[in-house]
Amino acid sequence: LGAFLSGGIDSSLIVAYAARASKESLRTFSVGVDDESQSELPWARRVAERYQTRHIETTQDTDLAALTPRMVAALEEPVDPFACGVYVVSRAAAEHVKVVIGGDGGDELFAGYDRYKGQELAEIYSHVPRLLRHKVLRPLLRRVPDSFGYKSFASKLRWLDETADFDGFERYAHSAAILRFTHARKQALFTHSSWARIGTVTSERLLEQYFQDGSASAFVDRMLHADCMTRLSDGQLPITDKMAMAHSLELRSPFLDRRVAEFAMRIPAQMKLKNGRLKYVTRRIAERYLPLELVYRRKQGLGFPLALWLRGRLRPLLRRVIEESRLAEAGVFRTDEMMRLAQEHWSGESDHNYRLWMLFNLEMFWRHFIDGVQVDKLEDWIASSMAPESVAKGVEPQRSLVTATDAERYAPAPRSPIS
């Protein structure tokens with residue numbers, strides 16, 4: 001038996017309990033990158049040292065893209081960035097154990113996502129007159145340079161600016177989609193013919209049926225319930241299960257023990273999100289077992305600096321994915337919109353790393369499951385598209401990669417009333 005240890009509060013608390021209950025030294029597994037400013041490894045190491053676990057660390061570089069065909073084949077869906085960390089750490093753990101425990105469910109049961117707290121900030125900001133927000137403040141906020149780090153200050157400002165335009169359930173639904181593709185972004189991405197067939201269906205309605213089903217009354221509890229019934233059950237848990245099983249590893253989630261989950265759901269909403277502090281109950285418990293600076297640091301989890309990688313060594317791969325897109329050839333996506341997102345990311349104007357990573361994964365999914373291309377062939381295609389290692393650190397934020405010919409090729413098509 002082993003445990004995933006991300007350096008965040010949930011997995012660290014699970015390790016603390018498991019290590020104290022185990023008669024033998026617990027095995028723990030962490031994944032990170034060489035850059036400590038982007039890595040969780042130092043924090044995971046502190047917990048491992050405190051509880052004297054047999055700790056194993058692994059680092060991952062931009063070759064993560066080369067693993068994507070295998071991840072897509074295992075998941076049978078495009079791979080969310082979250083899945084990458086689970087896949088890599090599972091590969092390391094499978095060399096030593098057959099079963100691991102992790103911290104899944106801690107955020108959805110005990111209110112751990114920033115957007116839960118962000119609803120209050122968006123409500124306050126929404127009282128600023130709309131004309132002032134749109135005409136004066138929005139242009140100023142969008143001039144704040146993005147650091148392309150995890151939850152950068154610029155991305156938080158843009159999140160607040162956009163989310164304040166909505167109210168009630170619609171605000172929650174928008175905040176759940178904003179890092180990926182909102183309904184408006186989907187409309188811009190799909191071709192006119194594709195959008196005519198699917199544009200009347202909105203993902204937000206799936207959330208709404210759980211948000212409004214009467215299972216909870218407090219706003220934060222209604223968000224938690226909807227997330228448990230959608231994000232957790234249909235997204236996160238299938239991902240963790242299949243990424244672990246790709247290495248014949250069983251993954252269990254103690255937070256999702258029925259007794260723990262039912263207890264969490266009985267906790268009053270004001271104790272989950274108290275005075276603007278996320279996961280209030282979890283943090284108070286964690287104070288007994290973990291360093292306080294870990295308990296009250298910002299959340300990161302099993303992640304990689306994809307935003308920087310997509311501007312560095314993965315940039316030629318991304319360009320080729322767009323230029324040779326099978327989804328564009330099939331009339332599903334618009335090449336000019338995909339390239340616009342890439343250009344804004346490369347130039348430093350906006351951080352689109354989640355969206356670009358999903359476009360890359362959709363391409364791998366299509367080629368493998370629709371076109372029937374074997375995994376090893378896709379790996380070769382990716383390897384031939386990667387920039388030399390020396391490019392990875394040489395990001396030039398303000399340099400445009402579009403030639404005059406490119407500009408003509410990728411000029412936005414005239415918009416119809418539904419585009």
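L132, V136 and L140 make a nonpolar surface patch of about 240 Å²; patch residues have over 30% relative accessible area and no salt bridge, and nonpolar side chains are joined within 5 Å. V136 belongs to helix 7 (residues 130–141), helices being DSSP runs of H or I with at least four residues. With a relative accessible area of 40%, V136 is partly exposed, the class between buried (under 20%) and exposed (over 50%), for a 1.4 Å probe and protein chains only.

This is a predicted model, in which local features need pLDDT of at least 70 and side-chain atom pairs pLDDT 80 or more, while totals for chains, interfaces and linings use all residues. Residues are numbered from 1 along each chain, and side-chain values use heavy atoms, without hydrogens and water.

Aromatic rings pair if their centres lie within 6.5 Å; planes under 30 degrees apart are stacked, over 60 edge-to-face, and the rest tilted. F169 and F211 form a tilted pair because their centres are 5.2 Å apart and their planes at 50 degrees. F169 is in helix 9 (residues 168–177) and F211 in helix 12 (residues 204–211), 42 residues apart; both are buried. The rings of F190 and F333, with centres 5.1 Å apart and planes at 75 degrees, are therefore edge-to-face.

Note on methods:
Patches are made of residues with over 30% relative accessible area and no salt bridge: like charges are joined within 9 Å, nonpolar side chains (Val, Leu, Ile, Met, Phe, Trp, Tyr) within 5 Å. Accessible areas come from the Shrake-Rupley method with a 1.4 Å probe; for residues, only the protein chains shown count as cover. A salt bridge is a side-chain nitrogen of Lys or Arg within 4 Å of a carboxyl oxygen of Asp or Glu. Helices (H or I, at least four residues) and strands (E, at least two) are DSSP runs, numbered from the N terminus. Rings of Phe, Tyr and Trp (its six-membered ring) pair if their centres lie within 6.5 Å; planes under 30 degrees apart count as stacked, over 60 as edge-to-face and the rest as tilted.
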